[in-house]
Amino acid sequence: MLAAYAAAQSADDPLSGLEVGERPDPEHREGWTTVRLRTAALNHHDVWSLRGVGLPADRLPMVLGCDGAGVTEDGDEVLVHAVVPSPGWSGDETLDPRRSLLSEVHDGTLAEVVAVPAANVVPKPEGLSWEHAACLPTAWLTAYRMLFTNAAVRPGDTVLVQGAAGGVATAAVQLGSAAGLRMWVTSRDEAKGEQAVALGADRAFGSGERLPERVDAVLETVGAATWSHSINSLRPGGTVVISGATSGDAPSKAELTKIFFKQLRVLGSTMGTRSELEALARFVVGAGIEPLVDSVMPLAEARDGFARMVDGRVTGKVVFTVS
Ligand SMILES: NC(=O)c1ccc[n+]([C@@H]2O[C@H](COP(=O)([O-])OP(=O)(O)OC[C@H]3O[C@@H](n4cnc5c(N)ncnc54)[C@H](OP(=O)(O)O)[C@@H]3O)[C@@H](O)[C@H]2O)c1
C-alpha cells in the first residue's frame, strides 16, 4: 500500500527522513479492524516523529499519521480514533499510562489502510464531508477537550488562544465561537490574527500584547514563548490549559508566584476520548462548523504538506486524499 512513513529521523532536517512509497498492508490482529482510508490529515505530531521526538528510532520504519477517516471491512463510514489504550484498560483512555497514539507503536493513518482496535472507530455523521472528517481526530479533538472538558468555561466567558494559526488554535476558535464563548487570539502575524477573526474570534492581539481585560481561561500550545503572557492574562482563579509547547518547554520564568498568588489552575490536556470524538463530530455537523482547511493534496504528494508545516506556512489543516 502507499504510505507516508518515517524511514529515518533528524532533529534539524525532519523532511530528510520522510518517505512516500510502498509499505506492507497491515496484518490481521484479533480484536482489531482495518479501515480503508478516504482522507487523512497532518499534525505537528508527525513532524515531531520525524525529528525523533516521541518515536524511538528502533521502531522505524513507521507509517505516520493520527488523523484519518474511511471505510471499515464491514462497509461502515468512520472516523479513526488515534488513542490506542493498552489491552484490558477501561475508562478514560487518555489517562492510560501505557496508551499510545497511532504512529507511535502501531502504523498510522497516512496510508491506504490502517489497522486499529475495533473500538477505535467512530461513525461518521451524515453531512460531514470526508475532507472535514479527517480534520477532527487529533487537533480538533484536543481543542474540544481543552475547551469543554478542562477549561471549565461557560457561554459568555472569555478564552484567550495563543498562536492563532495552528491546527489546535483554529479548531478552538471555531468550536468556542460556535458555543457562545468570547474567543480572543494572539499571533505574531497580523494577517493570521485577522484570519482568526474571520473564523469567529472576537478580537486578535499581537503576541505578548497587553489585553484590555483579564480572561477566564487561556489555551496554550505555543509553550515557552507565550507562557508568561498566558499567566499574566488570567483573572484570579482562572485556568490555563496546556496541550503543547511548539516553541519549547522551558520558559524563562515558570511564574510560580503568580500561579499561587492568583490561585490559578494549570491543567495538562492530551487528545480526547472516543466518546469526546463522537460528541465533537456531532457538534461540528449540528452547529454547521466547517473546519478550516489549509490545503488538500493527494497522499502521493504528502511531502509538500509536510514542508508547509515545517516552514510554518500552515493555517488550519493539511488534508491528504487517499482513495
Ligand atoms: N497534547 C495533545 O494531545 C496535542 C494534540 C495536538 C497538538 N499538540 C501540540 O500542540 C502544538 C500545536 O500544534 P498545532 O499543530 O496546533 O500548531 P503548530 O503548527 O505547532 O503552531 C501553533 C502556533 O504556534 C505559534 N508559534 C510557533 N512558534 C512560536 C514562537 N516561537 N513564538 C510564538 N508563537 C509561536 C504560531 O502562531 P502564530 O504564527 O500565529 O504566532 C503557530 O500558529 C504542537 O506542539 C503539537 O505537538 C498536542
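Which residue has a polar backbone atom 3.3 Å from an oxygen atom of the ligand? I looked this up and found Ala-164, a polar contact being a pair of N or O atoms within 3.5 Å. I then found a polar backbone atom of Gly-166 at 3.1 Å from an oxygen atom of the ligand, and a polar side-chain atom of Thr-246 at 2.8 Å from an oxygen atom of the ligand. Taken alone the ligand exposes 900 Å², of which the protein buries 84%, with accessible areas from the Shrake-Rupley method and a 1.4 Å probe.

I note that this is a predicted model, in which local features need pLDDT of at least 70 and side-chain atom pairs count only at pLDDT 80 or more, while totals for chains, interfaces and linings use all residues. Residues are numbered from 1 along each chain as its sequence is written, and side-chain values use heavy atoms, with hydrogens and water left out.

**Shell around the ligand**

I counted 23 residues surrounding the ligand, the closest being Trp-48, Val-168, Ser-187, Ser-243 and Met-271; a residue is included if one of its heavy atoms lies within 4 Å. I sorted the shell into eight nonpolar, 13 polar and two charged residues, with Gly counted as polar and Asp, Glu, Lys and Arg as charged. Helix H1 (44-51) and helix H4 (167-178) each supply at least two residues of this shell, where helices are DSSP runs (H or I) of at least four residues and strands (E) of at least two.

**Domain record**

I found that UniProt, in an unreviewed entry, places the feature "domain: Enoyl reductase (ER)" at residues 13-320; such annotations may be inferred rather than shown by experiment. Over residues 13-320 I read 27% helix and 27% strand, with the end C-alpha atoms 22 Å apart.

**Backbone checks**

Most residues other than glycine have a negative phi, and most peptide bonds are trans. I therefore noted two places against this background. The peptide bond from Leu-60 to Pro-61 is cis, with omega near -5 degrees, and Pro-61 lies in the loop between H1 and strand S4 (62-63). Ala-152, although not a glycine, has a positive phi of about 55 degrees, and I located Ala-152 in the loop between helix H3 (136-150) and strand S11 (158-161).

How values were computed
Polar contact = N/O pair within 3.5 Å; in protein donor to acceptor, adjacent residues only side chain to side chain.
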